[in-house]
Amino acid sequence: MTNLVILTGRLARDPESRETKGGTSVTGITVVTDRPLRDKDGKTYKDENGYTAKDSEFHRVTCFNGLSKTVGQFCTKGQLVSVQGRLHYTQWEDQDGVKRYGCEILADKVDFLSRGNARDGDGDNRDAPEID
């Protein structure tokens, strides 16, 4: 059996990092992927600006430990990344007793396909290290 996800897209916002009570580093990112929209005949078409119309999807991705720290330090909004991981589904009841469901990708690997902006204000635009 296989549970494998591979996404290539841009970060919708800067990463959000935190640490659990047990000391585990956790970073969440949102990766946006696009695909061409199609008309009723299955053909792509142009939008009002002359560009191919696109349908965007937003994917929640969670990174842990060393990967979490690296992604939190080197990734920024708009950066192109490739993510490999697995789908993880959750189920819970909200305060009104309604069952809720969620889906996220638990990342095993994140490759930086474009350079991020320096976020520490020094403007050095350093290269991120290789991650496995």
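## Cysteines

At 33% relative accessibility, C103 is partly exposed, a class that runs between buried (under 20% relative accessible area) and exposed (over 50%), using a 1.4 Å probe and protein chains only. C75, by contrast, is buried at 0%.

Taking a disulfide as a pair of cysteine sulfur atoms within 2.5 Å, the count here is 0. For C75, the nearest cysteine sulfur belongs to C63 and is 7.8 Å away.

## About the model

This is a predicted model, where local features need pLDDT of at least 70 and side-chain atom pairs count only at pLDDT 80 or more, while totals for chains, interfaces and linings use all residues. Residues are numbered from 1 along each chain as its sequence is written, and side-chain values use heavy atoms, leaving out hydrogens and water.

## The core

Let's turn to the nonpolar core, meaning buried Ala, Val, Leu, Ile, Met, Phe, Trp, Tyr and Cys residues joined through side-chain atoms within 4.5 Å. The largest one has 15 residues, and V61, V83 and V110 have the most contacts inside it. Elements giving two or more residues to this core include β1 (5-11), β4 (54-64) and α1 (65-74). Beyond four places in sequence, V61 has contacts (heavy atoms within 4.5 Å) with T27, G28, I29, V31, V83, I105 and A107.

## Around T33

T33 sits in strand β3, residues 25-36; strands are DSSP runs of E, at least two residues, numbered from the N terminus. T33 is buried, at 15% relative accessible area. Its partners beyond four places in sequence include L7, D55 and H59.

Terms used: Helices (H or I, at least four residues) and strands (E, at least two) are DSSP runs, numbered from the N terminus.
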